[in-house]
Each structure stands twice: as C-alpha cells, then as structure tokens.
Amino acid sequence: MIRLLESIQQQAGRLYSAKFFAWLTQPNIFPLILFIFAFSVRAAYLCQSEHRVCQFGDAFYYLTTGALLAKAIASFSDWNSLLQQMTLTTPISPESGNTFLSLELPVRIILDGPIYPAYLALLASLFGFASLAKVQFENYSLQIGLANACVDVCSCLLIYFLGSRTFGRKAGAAAALLFALYPAASINLARAYSETVAYFLVLALLSTLLLARFGKLKPVTLGGVAILLGLLAASVALVRPLFVLVLAAIVVSLFFSEWLASSSSATPWYQIWCGKRRLTALLLSALGACMIFYPWTEITTKSLGKPTLLLSRAPAYNLFVGNQIVADGWKTWPIVPGFTGKLDTVVDGIFDSLQKKPLEMLALEFKKLPRLWAGGWNEFRYPFFGVSFEKQNIWHGMLLFFAFIGICLAGSKVRAERSVALTFVTTSSLLIILIHFLYIAFEPISRYAITAMPFVCLFAAVALVALFRQGAFFSLLLLSASSAVFFGLLEGRPSCAPILLQNFPNMGIFTARFLEDLAIVACWFLLAHICIRGLAACKGSPVMPQSRVVILLCFAFVSISWFSAAHFDSSRGEWFCDVRTQMQTFSQDATIPEQRELASWLSETKGENALDPLNTIFLLVDWQHEMGQPAVTLTVNRVTWRTVALPWHQVLGREGDIPTIFNMQGSAMTRDWRSFRQWWAIPIPRGLLKAGEQNEIAIGFSLGESPLAVRVYGDYFASAEADELHLPSFALFSWTRGFATYDTRDTRIYQLTQGLCKVANPALWFVRVSETKDLSTEPGLQTGAYRIRFAMPRSAARVTSLPPSGPAEESQSDKQLEPGKPAAKAEPASRAGSAPEAEYPKLTSLSPAQFEDCAPTTIGKRLEDITVDGGDPTTYMLFKESQKLPDTVKKGSIIDFGCQVKSDRKRQSGPITVIFEGENDKGELEKFTSPWQPTAVSCDIGLRRFHASYVVPGHMLGMKNLAVNVMASPFPTDELVLNKKKAVHEVLVIKDASLTLYTPLQMPAGKDLDWMIF
C-alpha cells in the first residue's frame, strides 16, 4: 500500500498542474505576480479611460522634442551632423518667454534635457508618430500610457528589490503593492510628463548601486554594472533640474553608510575603497557618466555660451512667480510685472520682500507646504476604480502618516544595527524625500511630489509590517481610523464659524475662524500623540523622551504650515449661498459714484457718445453653476430687464491663453469649463442706474424641471469696511491655483481690492415677500453682502485722474489701466480741470421708448422633443435649417441658445455648439465657432436648463446670408475615439430649443479698454 501511494504521488508530480503549483510556490515567484498585478491595474485603468490627455501642458513640448529628436536620429549620417541639428550658433536665454515656447529642436533640447526626450523619441519611432507631418499626439495616448505602464511596473519591482534587501521581503512586498495601488501613479500614465521615468531612474540607480556594492559579482559582470551605474547617474542628473541634488544625496548616503558601519572597526572606511576592485568600478562608472555628460556639455556650450551639467528650465522665472506676495505664490496670467530674467535680481527681490513684509513672506513659504504634499497628483479629479478624488487625497495623507512612523522605525533600526545596506537605503530615501521640500522655494504643486512617493510607500510599508509583526492590530486600527477621519475633515473643509456667529452674535468672523484654526492645531497634536503610541506598539517598547520631542517638533512644523495656509487665506472672509429654487431671489442696494464723477471719467474719451444711456455697463457677480451659464432673471431699481450672463474673461476679449486652457481642462475633465468658479458679467444699459444714489439689484434664476443650485458667494464685513476687501481678482488668472493642487477651488488670485461701491440692505428673499437676515441657505449665520460689483468700460485714453491701484501695477510711468483692474474714484471735473462746473456734462436715464428698442427677439424655436442619437449624425443639428439673422443685426449683438436637456442616466455628454455661418465676398460658405463654447453638458434623467450666449463675431457681420445653427453631441469627443461602440449608443433629449437675439453691447471701440470697477 505504501508503495502504491508513493507511485501515485510520483505520477501526480508529473502532471502539468502539479508542476505549475510547484512553480507557483517558489520563493522567487512574487516578482512575476507583482509584475502581472501592477500592469493589470494600470492597463485596466488606461483601457477604460475616456480621456486623451497625453499632450496637456508641458507634455506637448516634451512630445514635440521627442518627435523632433526621433526625426533627427533617423536622418543623421554621422555624429557631427546629429550634434549640429541639436545645437544653436547663437546662444539663447532659457528665461526668455519666446525661448520657452519655441518648437525648434536645439532650443527644446536645452530646456527639456536629453534623457526624457530620448525616451519619447524611442516611443515616437516605435509607434510612428515622429513621421507625421502634423502630429496629433492624442491619437497615441493609449500607446504612450501603456509604455509608461511598463516603466512604472518596473519601478514597482525595484521598490520590492530595495525593500526586501533592506527591510525584509514582507516590507518590500508591501511597499511594492502600496505603490502598485497608488492612484496617482496610474492616473497620470497617459500624460507625457517626465515623472514616471524620473523616479524609475532614481530607483534603478539605487538598486544598481546596491547590487554593485553588496552583490557577489564576477569582474566582467561588475564592470558592466559599473558602466550602467555611471549611465544611470548621469541620466538622473539630467532628467529633472532638481535631481542633481538627488544624485548628490545618494553619493553622500553611500559614504555615510560606509563610515557608520566602519566606525567600530579598526580599518577606516576610505581604506576599504582603495582596493583594486572598487577603484576599477569607480573609473568605469565615471566612464559611463562621461558617455552622457560629454555630448551634453558640447550642446550646452554652443547653445548657452557656456558648459553646464544642469537643466535650465527657467529657474529665475519659477523662483520669481513662486515668491510674489501679491499673487500668493501662484503662477498667473498675465504674469505679475517685475520679472527681469536675472536670477540674482530675483533673489534680491525676495530678500527685500522678506525685510519689508517678514510675516507675510514667512506665511507664504509655510502655505506652500500643503500645496506640495497634501494631495495626490490628479489635476482632472479622475476617480480611480470608483475611488473619488477626495478619498484618494485621504489615502495619500494616510500614506504620509504611516511613512513618518516608518522613518522613525528605520532610523532606530539603523542606529541599532549599523548595517551598510540598511543605512544606505534608509538615508538615501529620506534625503530624497527631504530634497523634494526644496520645491517650496518655487511654485509647488502636487505633480512635483510624486517622484518621492515610491520612498514614501517604502517607509509606510515598514510601519505596517512592524504593526503586523507585533500583533498590534488595535494600534493599527486606531492609527488608520484617526488619520482617515482627520484627513477627511481637512479635505472636506467643514466650518463651524457660521454656527459660532449664530450663537455668539458679538463675535467677529475672523475671531470665529481663529478659534476654529486653534481647534485644528489641537487635533494635529492629538494625532501626534496617537503617532507616538503607534510607534511604541511597532517597537514593542516606549518611545524615548528625545524621540518624543523630535516627533512633536515635526508635527508642530506641519501644524504651523497648515495654520499659515488657513489663517492667511484671503478667502477666509467669504461665504456662499446655494440658490436652489426659482422662488429664491437675492438682492442688494449699491450706491454708485456721483454723477459728475462718472461723467468726468467717461467724457475723457473723445469722438464717441460716451454719455449715451444705452452704453453697456456690466454687473459682476461671483457664482458657480454645474450647467455653466444659468438663466438669469434680473431686476434693477424695480425694472425687470431681460438679459444674459457672460463669463468675465469672455467680455474682456482675451481669446488667447485663457479659452485654450479652459477648453483643454474642460475637455480633459468632460466638464463644461463655464462651471468652474469665476466672475460672471451681466450686461445692462447704464441708463438703468441712478448715479450717486442707491440702486437695488435683485437676481434670481430659472432652473428648469430638474433644478441644480447656483452657488453665489458673499463676504463677511462691517459696513464701514466695504471700501476695501480681499476679492478674487478681475484680471489675474492662475491655472495652477485652480487645478494643480489638492485645494482645487478657484482660478483667480485674491487681491485687496479698493474703490468699491457702498452696499446696503442685502437680503435673501423667498417669493419676494419673505426676507431673511441670514444671507445664505447654509447652516449658521452669513452676514455682510453678496459679491455684486459694476464694471464700466471706456476707450483707452490718457488717464490723469486714475492711476493704477493695487500692488500689481506695472510702473509709475505706465498710466494705462490693466483690463479688469478696479480703478480709484475719478476726480470731479472741477478739480481735474477738464471743464467748468457750469458746463459739466449730465448723465440721462433710459427713456420708455428705448426700453422697447432693447427687447430681445426670438429668431428660432423648436418646442417639440429633439432626440440626438449618437448613431445618427443627421440628428446632431438641432434646427433643420440654419436660422437666418436679421439684416439689421448690429455689432455687439448677443445670440443666446437656450434649451432643456436630459439623458437616460446621470452623465456628461458632449458639447452643444452654436455655429455662425455666412457667405464671404467670393461666395464661399464660412463657418465660425466661438473659442468660449462649452466643452461638455451635465445631463440627468430629469430636464436641466442649458444656456450658451455669444457676441456675434464682428468679422462675420459683413457676410451675406448670415445665419446660425446649433449642433449637439451626445458623447464627448474622446469617447468616440476610445470607445466608439459606447459613443454611438448615447442619446440626448432636448426640449424647448430656442435662439434669441439680445440687445447689442454698446462698447467703446478698441480691444484695450479702461475699466472702472466699483
């Protein structure tokens, strides 16, 4: 019987299933499982993605450099000709704006470096997009993403190698799995940024150095590894500007670990390195580094006029924009004036600001710490397999929390064991994390911190494995729950200040905010105490008093940084009110300047009837709506005025960077860019307002059958403080502030704004019969006033009585107001000397006859339901024939398309586009779509009201048969490319579609207008 059982077992061992099971249970199978798992996660995410974002932002320039480099490599005959294609005869300045936007290969090589473009050049050759005449990089987003996924999976394997060789296999496996599941690592793979390749090169350098130092290699193998080590070292130094310090940190860590390990032995560490084997390896490493550094110095010598081993991505510019108090350290468009392009001048300016405003400058530097570390890199707020953007940030914070515990554990282990490998990996990983703090000197965003996240995951795994080894499951649960709850509260930003004001009416808002901030600081120290208890549970022994002090100091530093970001936030004095029904109206009285002050300012423009009561003045309101533009119901001084709302940037006419950025961001998020928070401008005739008197403004919204709240913003302030407030800027726009950090709220910079009108009687009404003292529907008490301002334009003229106000003024000699900047009050004509008081021009009000002339006209309407079928392109046009515009249409006329829209489920559909068309002088049909059109439409099973308004383009007014039509897309453009089967089955139902022609905007001539905002 025993022999029979042995025979059966022997035969069973020959089966393929038994061999597979035996192979699966081998100790070295985990790397293969890790590779398959990590790649599957990334490939699954990329394949289900419905966005093509590979060339967004700087990625476009990286891809352009890679494609140009691939073409140059494919066409070169010898190395000298290739070097000539990559160099310039005239030295350039990387700080020049024109240089940074250049698409020439020699310029781009200097700015982007040789390493990452070489990787993209390889992809360009493999996928074929280098040979195209006009490259459409979005069409290769999936291929680029999968290639980056392969590199990122290799990073997971290197994390496992470093962790297992240093802290044990369990810690290495845990670290690799943490990074394999880290959302930001997968979300950004389709974007052609250098971060994925950058931290791969750093991990590869550390692993190769660890292998060369501690591996038992044959001389030939050691020589090859040494050359590879030199190549990797040079690549790390040239992949990103700051990574030359990473290379230095790794070298310092190696020598420190050798010194610490040999401190107890008789042989000094430097004598150990004098052996033949190690000296040969060092020389071969230097040879490998020279293979990259030598051609790079040749390129930089010719292109820059001097050799350099660093990348030069405009350090002076980035240092300048990151340390401007007026812009709160954000990069703005237009740039805050004062940049000279010289690094020493920028540094002197920073020290000068530190001397003049030390508290504000220190607070600015502390505020930038959360911008770098507080959230994961996710500029489009993408979910990760159902995990929302907010939950991803909570998980990111928990990783940082456990990594801090892991650093403490690794430090104590280094002190106890003094192992060379342990000391080297621990010290180098810690220094790499600390080096990333240097980004705070510039404009830190979440993207810059991701290259430190592999090492954060490594230390977090050390803490988690230690807790499991000690069986401290209660401590693990306490640490996880407390950190998740705390970071969740910080992410959600709940405020009890309005409730404090409601219960303590005599308390000011800033006192309530300060008490709230102190409570959060106390929570930070409570979290520090929990961290100390968790660290003791990991070690199995109490934490030493010196270590307690160090931990408390670290948490004190973090709490001060958070306190600075919260307490010195210029938006601390704001609140919001969600208008949820058509029955709700908010109103406010505003006293505008005296009649002769306005007339004095307007009459300086000669050659125009600047005092015409029909001239347009804009009502500016700060609101946000999921459908972008809501249908406004406006009453001015008890007179109902039918009008529309336009984005303020669209009114200013900046058809350059801003619409491009908004459209790209909206397309990448499948979201109407108009739903981003911004100023909205409601045009009304100046004759509706009474100069020098209180003007009642009442605003409501038509919200449709399935209403969505319009969030209107206001400010806490006493009536005596209404002339000076921190308000969102009317001119400065910052994409990074709006999208590039965890705190994605607003693209505008808050500025101390002067010259405001005096407001009174703010009220929130219900059916205009019930008024509340509380100005918001939110919990607590919101007092002060709504953000309602007036903007009055005139042609640019020589201004004598209106110097630029605010800290962003260009110079004392420049007298022209920047568009959108609030102006100081105008001097009366009697003081300015423009006319005697008796001959002073008078402002007139709007006559009843002019009211009739300004009535809107319907030019097209379809009341029946319109079904837009993704599989039937003939249904895309909402009007069967283009609707002809009247021959009498005037310059500045506004076309508004309104409808109600729904779908079979809650989702984001494609854009609804208004198309202008007409015949030119040659009889050819020309079409025009505004760059300000929405990028997507939010749909649900209920009808939602949609509006889009545009000024009739001036260049088409002279065309014949001027007409307009509307095209609706039931799917986003990227979905049609990435998932055509799903796109063609999308359906959109539109009801009550109408085209309305509104009264023209009577604006002064010229693009560069002066604006009085009060």
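How many bridges pair strand β21 (residues 912–919) with β22, and in which sense do the two strands run? In this predicted model, β21 and β22 pair over 5 bridges in the antiparallel sense.

The protein chain has 1014 residues, of which 55% count as buried. Its secondary structure comprises 34 helices and 27 strands. When contacts between residues at least 6 apart in sequence are considered, 81% of them join residues at least 24 apart.

Thr 451 sits in the loop between α21 (420–435) and α22 (453–469). Is Thr 451 buried or exposed? With a relative accessible area of 1%, Thr 451 is buried, the cut-off for that class being under 20%. Once its neighbours within four places in sequence are set aside, Thr 451 is in contact with Glu 195, Ala 198, Tyr 199, Arg 240, Phe 243 and His 436. The C-alpha atoms of Thr 451 and Val 202 are 8.9 Å apart, although 249 residues separate the two in sequence.

The residues concerned are Leu 105, Pro 106, Val 107, Arg 108, Ile 109, Ile 110, Leu 111 and Asp 112; the list includes Arg 108 and Asp 112, which count as charged. What do the buried residues of α7 pack against? Their partners are α4 (58–75), α5 (79–85), α6 (97–100), α8 (115–127) and α16 (276–304). Just after α7 comes Gly 113, which takes a positive phi of about 80 degrees.

Helix α20 can be followed through two packing contacts. Helix α20 (residues 389–417) and helix α23 (residues 473–492) have axes that come within 9 Å and cross at roughly 130 degrees. That angle makes α20 oblique to α23, since angles over 145 would be needed for roughly antiparallel. The crossing of α20 past α23 is right-handed. On the α20 side, the contact is made by Phe 389, Glu 390, Asn 393, Ile 394, Gly 397, Met 398, Phe 401, Phe 402 and Ile 405. On the α23 side, Leu 476, Leu 479, Ser 480, Ser 483, Ala 484, Phe 487, Gly 488 and Glu 491 take part. By class, this contact has 10 nonpolar, 5 polar and 2 charged residues. The spacing of such positions can be read against a general rule: an α-helix has 3.6 residues a turn, so residues three or four places apart point the same way.

The other contact is with α25. Here α20 and helix α25 (residues 509–539) pack with their axes 10 Å apart, at an angle of about 45 degrees. This arrangement again counts as oblique, and the crossing of α20 and α25 is right-handed. From α20 the contact draws on Phe 401, Phe 404, Ile 405, Cys 408, Leu 409 and Ser 412, while α25 contributes Leu 527, Cys 531, Leu 535, Cys 538 and Lys 539. The contact of α20 with α25 has 9 nonpolar, 1 polar and 1 charged residues. Phe 401 and Ile 405 of α20 take part in the contacts with both α23 and α25.

Two further strands show burial together with pairing. Why is strand β7 (residues 678–685) described as largely enclosed by the rest of the structure? The reason is that 8 of its 8 residues are buried. Strand β3 (residues 616–625) pairs with β7 in the antiparallel sense over 8 bridges, and Phe 618 stands opposite Pro 683 in β7. Strand β6 (residues 646–647) also pairs with β7 in the antiparallel sense, over 2 bridges, with Leu 646 opposite Ala 681.

Strand β1 (residues 574–579) is mostly covered, 5 of its 6 residues being buried. An antiparallel pairing of 6 bridges joins β1 to strand β9 (residues 710–715). Within that pairing, Glu 574 has Asp 715 in β9 as its bridge partner.

Technical notes
Residues are numbered from 1 along each chain as its sequence is written. This is a predicted model: local features need pLDDT of at least 70, side-chain atom pairs count only at pLDDT 80 or more; totals for chains, interfaces and linings use all residues. Side-chain values use heavy atoms; hydrogens and water are left out. Axes are lines fitted to C-alpha atoms, for helices over the stretch in contact, and angles run from 0 to 180 degrees between N-to-C directions. Helices (H or I, at least four residues) and strands (E, at least two) are DSSP runs, numbered from the N terminus. Angles under 35 degrees count as roughly parallel, over 145 as roughly antiparallel, 65 to 115 as roughly perpendicular and the rest as oblique. A crossing is left-handed if the near helix is turned anticlockwise from the far one by less than a right angle, and right-handed if clockwise. Contact means heavy atoms within 4.5 Å. Buried means under 20% relative accessible area, exposed over 50%, partly exposed in between (1.4 Å probe, protein chains only). Two strands pair if DSSP finds at least two bridges between them.
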